[in-house]
Amino acid sequence: MPVQAFVFPGQGSQSVGMGRDLAEAFAPAREVFQEVDDALEQHLSTLMFEGPMEDLTRTDNAQPALMAVSLAVLRVLEREGGLDLKRDVALVAGHSLGEYSALAAAGALGIAQTARLLRLRGNAMQKAVPPGEGGMAALIGADMDMERAASLCAEAATFTDETGKTCKEVLEVANDNGGGQVVVAGQMAAIDRVIALAKAQGVKRALKLPVSAPFHCSMMASAADAMRAALADTDIAPPVVPVVANVTAAKVSDPATIRDLLVRQVTGTVRWRESVDAMVAMGADSFVEIGSGKVLAGLVRRINGDVAIRSVGTPADIEAYLAAR
């Protein structure tokens with residue numbers, strides 16, 4: 001029997017129409033979408049199904065929406081396919097907001113509770129930095145890793161102003177996605193400098209990402225404070241399977257530690273490459289992406305080509321997954 005790890009996508013995997021075919025095909029999926037709509041007092045499912053993309057991509061909408069699709073898929077697998085997460089899955093993990101989806105999947109958080117936390121998280125992250133002051137860039141190349149990206153950040157963060165004074169701006173590694181892809185975040189002028197520096201040093205690709213804020217860096221400190229306050233009042237149960245946390249790339253089951261790591265995650269690096277490597281070291285040989293899109297499947301494939309990988313996000317995907325069990 002394969003040792004399965006379920007992984008849950010983050011921002012960037014949203015698309016207009018996501019979840020609509022699930023809602024049409026499965027009552028358990030409709031229940032999840034209704035639960036999220038009720039929790040947020042918003043017809044988020046209508047926005048997911050019909051758009052517009054501009055509104056769906058807003059951080060405060062995209063985060064709970066992506067969680068909703070992931071949990072709808074999981075609910076269908078459990079109700080229609082007889083999946084038992086505790087019995088059938090060894091580990092769960094998620095990329096950034098996907099960590100909340102993983103925790104909800106494992107029973108540490110309720111779905112309505114998770115939707116409200118992600119709405120708050122999205123709002124807090126958006127408000128942390130005024131529009132245009134911060135951004136993110138992807139650095140992509142065969143030899144790109146955390147160490148090289150950190151070195152580029154250190155060099156590009158420093159500049160000389162018009163008076164000749166040496167100044168330093170925020171520029172930090174945000175995501176170590178593996179497969180030669182590292183994302184950096186910080187002040188916009190520093191982002192421009194690191195892109196130019198990377199190209200000058202022969203990095204294959206260096207490009208700005210279409211995001212509205214510099215996520216997973218120290219500029220998100222006020223958002224981390226907001227999450228610390230919200231999570232202090234949040235009941236967290238021990239997950240039924242271990243969750244591999246973004247900021248430590250290690251499994252966690254203790255509710256107090258989960259609470260602390262979710263706060264640290266707002267400003268900390270998403271150590272996705274190390275997380276996948278850790279899950280493989282723990283015995284996982286099959287990775288199943290649960291939810292919208294196929295971003296994580298692609299990242300896992302580039303990190304480790306020896307494990308089985310599949311994405312489950314549509315009725316056809318669900319049928320194929322259950323047939324293969």
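**Strands and their partners**

Analyst: In β12, S311 is the bridge partner of E289. This is a predicted model in which local features need pLDDT of at least 70 and side-chain atom pairs count only at pLDDT 80 or more, while totals for chains, interfaces and linings use all residues. Residues are numbered from 1 along each chain as its sequence is written, and side-chain values use heavy atoms, with hydrogens and water left out.

User: In what sense do β11 and β12 pair, and over how many bridges?

Analyst: Strands (E, at least two residues) and helices (H or I, at least four) are DSSP runs numbered from the N terminus, and two strands pair if DSSP finds at least two bridges between them. Here β11 and strand β12 (residues 308-312) pair in the parallel sense, over 5 bridges. From β11 the chain passes through helix α14 (residues 295-303) to reach β12, in a right-handed β-α-β crossover; right-handed is said when, with the strands pointing away from the viewer, the path from the first strand over the helix to the second runs clockwise. β11 also pairs in the parallel sense with strand β1 (residues 4-8), over 4 bridges, and S286 in β11 is the bridge partner of Q4.

User: How many of the residues of β11 are buried?

Analyst: Buried means under 20% relative accessible area, exposed means over 50%, and partly exposed lies in between (1.4 Å probe, protein chains only). In strand β11 (residues 286-290), 5 of its 5 residues are buried. S286, V288 and I290 point one way from the strand while F287 and E289 point the other way, and all are buried.

User: What volume does the largest cavity have, and which residues line it?

Analyst: Rolling a probe the size of a water molecule over the atoms shows where empty space is left. On a 1 Å grid over the protein atoms alone, a cavity is a set of points where a 1.4 Å probe fits but cannot get out, a pocket is an open set with protein on both sides within 12 Å along at least five of seven lines, and lining residues have an atom within 4 Å of a point. Points are joined across faces, edges and corners, and a volume is the space filled by probe spheres set on them. The count comes to 1 cavity of 30 Å³ or more, and the largest cavity has a volume of about 30 Å³. Its lining is made of E99, L103, V243, A245, V252, I258, L261 and L262, with the largest share, 3 residues, coming from α12. By class the lining has 7 nonpolar, no polar and 1 charged residues, where Ala, Val, Leu, Ile, Met, Phe, Trp, Tyr, Cys and Pro count as nonpolar, Asp, Glu, Lys and Arg as charged, and the others, Gly among them, as polar.

User: Which residues other than glycine have a positive phi, and where is a cis peptide bond?

Analyst: E41 has a positive phi of about 50 degrees and is exposed, with a relative accessible area of 76%, in the loop between α2 (27-40) and α3. H216, with phi near 55 degrees, lies in the loop between β8 (205-208) and α11 (221-232) and is buried, at 3%. The cis peptide bond joins G51 and P52, with omega about 10 degrees, and P52 lies in the loop between α3 (44-50) and α4.
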